[in-house]
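Thanks for asking me to take a look at this one.

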Amino acid sequence: MATKEISSGTFHKLPADLKKAILADDKVLALWEDITPLARNEFICWVENAKFIETRNRRVTRTCEELLEGKRRPCCWLGCTHRTDKEISPSVKWILEKQAKQSTASK
């Protein structure tokens, strides 16, 4: 049985659980391949950013649902902070600083 080719993002590589979910539905696969590499990167980062396995599993499922709904980026996601090809936006910097302060305060 031949393995289907599937594209990753610009920075992040496609994780196995998300790949499996996308390959399970030909329509989702076609939609995945139709979005830009940057958009794929956003979905992958969103999934990988989950702190708990339950959240990650929901995000994998939600990625497929959002693609089927016509969305081309994850809903309510500020964007990948791991990219090195562009500067982080002021709004993302603010949130990262806020999270860092909260993390430090809780230790």
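This is a predicted model: local features need pLDDT of at least 70, side-chain atom pairs count only at pLDDT 80 or more; totals for chains, interfaces and linings use all residues.

**Notes on the model**

1. R56 itself sits in helix 4, which covers residues 53-68. With a relative accessible area of 18%, R56 counts as buried, because the cut-off for that is under 20%. Leaving aside residues up to four places away in sequence, R56 touches P15, D17, V47, E48 and A50.

2. Next, have a look at helix 3, made up of residues 37-48. Its 12 residues reach 16 Å from the first C-alpha to the last, close to the 16 Å expected at 1.5 Å a residue.

3. How many of the 12 residues of helix 3 are buried? Nine are, so the helix is mostly covered. The buried ones are A39, R40, N41, E42, F43, I44, C45, W46 and V47.

4. What covers the buried residues of helix 3? The cover includes helix 1 (16-23), helix 2 (26-34) and helix 4. One of those buried residues, V47, is also among the residues that R56 touches.

5. Finally, a word on the cysteines. C45 is buried, with a relative accessible area of 2%, and C64 counts as buried too, at 11% relative accessibility. A disulfide is a covalent bond between the sulfur atoms of two cysteines. Searching the whole structure turns up zero disulfides.

Terms used:
Residues are numbered from 1 along each chain as its sequence is written. Side-chain values use heavy atoms; hydrogens and water are left out. Helices (H or I, at least four residues) and strands (E, at least two) are DSSP runs, numbered from the N terminus. Buried means under 20% relative accessible area, exposed over 50%, partly exposed in between (1.4 Å probe, protein chains only). Contact means heavy atoms within 4.5 Å. A disulfide is a pair of cysteine sulfur atoms within 2.5 Å. The expected span of a helix is 1.5 Å times one less than its number of residues.
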